[in-house]
Amino acid sequence: PNDCNSAAGHGTCNAAPHTCTCTDGWVMTDCSASNRPLAAPEDTVADSLDPMEWMYFEIDITQQQMYNDIDFFALVNKTSDATAFGYIDLYAAFNRFPNPTDWDYRANLNQQTNSFKVCSSSLLAGTWRIGVMNYGFGEQNFTLTTRLIATCPNQCSGHGSCNLLTGACACAPGWGGADCSYDIEAGRAGYTTVGTAVGLSFFFIILGAA
């Protein structure tokens, strides 16, 4: 079909049984759509699409990430001039390439920005493919942003940063615990310190309070 878009270097046609062998990075029966990997936990790509053209991206969700209650978020933003007619539709499917009649999630609200979120309860371990399509009459520029979001305990209590892949808190100095809610200095309130200066050196002895 379409000579496998061989003139553009997308693939070659097999004499029998008249099928295409696509070059790496190109997919579909006629090698017409590009397919690229997405980085985790967050990635942003910028590109353009001709009218009715598809472009695919994929990300692998591991079983370990599933244990961490990962959510998946995707957003596509049309960056072409607002007067350029058309919109970028956003689709996602598990272990397959989505299209207008076969998808698991989609956002095609004819808006400047389309997005969706796949909650951890619906997310499956394996390969998720994101499809974007230019539903318009002219070339459209766009950015696609994807993000894996892990839920950290108590959002790290405002005293640390959340690892989006593991769901673990990295606590700020002076704070501890799984959710960074433990004030380390306050935890020492039951103790006093006595210091003696000798020259330029300090020696401290920790004494238990009565």
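Select Cys152 and Cys162: they form a disulfide, with sulfur atoms 2.0 Å apart. (A disulfide here is a pair of cysteine sulfur atoms within 2.5 Å.) Look along the S-S bond; its 85 degrees make the link of Cys152 and Cys162 right-handed. The pair links distant parts of the chain, ten residues apart. Cys152 is in the loop between β12 (140-150) and β13 (160-162), while Cys162 is in strand β13 itself. (Strands are DSSP runs of E with at least two residues, and helices are runs of H or I with at least four; both are numbered from the N terminus.)

Now show the surface. Cys152 is buried, at a relative accessible area of 6%. Cys162 is partly exposed, at 31%. (Buried means under 20% relative accessible area, exposed means over 50%, and partly exposed lies in between, with a 1.4 Å probe and protein chains only.)

Before moving on, note that this is a predicted model, where local features need pLDDT of at least 70, side-chain atom pairs count only at pLDDT 80 or more, and totals for chains, interfaces and linings use all residues. Residues are numbered from 1 along each chain as its sequence is written, and side-chain values use heavy atoms, leaving out hydrogens and water.

**Next stop: Cys22 and Cys31**

Select Cys22 and Cys31. Their sulfur atoms are 2.1 Å apart and form a disulfide. The torsion about this S-S bond is about -95 degrees, so the disulfide of Cys22 and Cys31 is left-handed. Cys22 is partly exposed, at 26%.

**Then: Cys171 and Cys180**

Move to Cys171 and Cys180. This pair is also a disulfide, with the sulfur atoms 2.1 Å apart. Its S-S torsion is about -95 degrees, so the link of Cys171 and Cys180 is left-handed. Cys171 is partly exposed at 28% relative accessibility. Cys180 counts as buried, at 0%.

Select every cysteine. How many disulfides does a search of the whole structure find? It finds five. Counting bonded cysteines along the chain, the pattern is 1-2, 3-4, 5-7, 6-8, 9-10. A disulfide is a covalent bond between the sulfur atoms of two cysteines.

Cys119 is partly exposed, with 37% relative accessibility.

Pick the sulfur of Cys13. Cys13 is partly exposed, with a relative accessible area of 42%.

Stay on Cys4. This residue is found in the segment before β1 (11-13). Cys4 is buried, with a relative accessible area of 0%. Check its backbone too: phi of Cys4 is near 60 degrees, a positive value in a residue other than glycine.

Step to Asn5. Asn5 is also in the segment before β1. Its phi is positive, about 50 degrees, although Asn5 is not a glycine. Is Asn5 buried or partly exposed? At 25% relative accessibility, Asn5 counts as partly exposed.

**Last stop: Pro41**

Select Ala40 and Pro41, and show the backbone. The peptide bond from Ala40 to Pro41 is cis, with omega near 5 degrees. Where does Pro41 lie? Pro41 is in the loop between β4 (33-37) and β5 (42-49).
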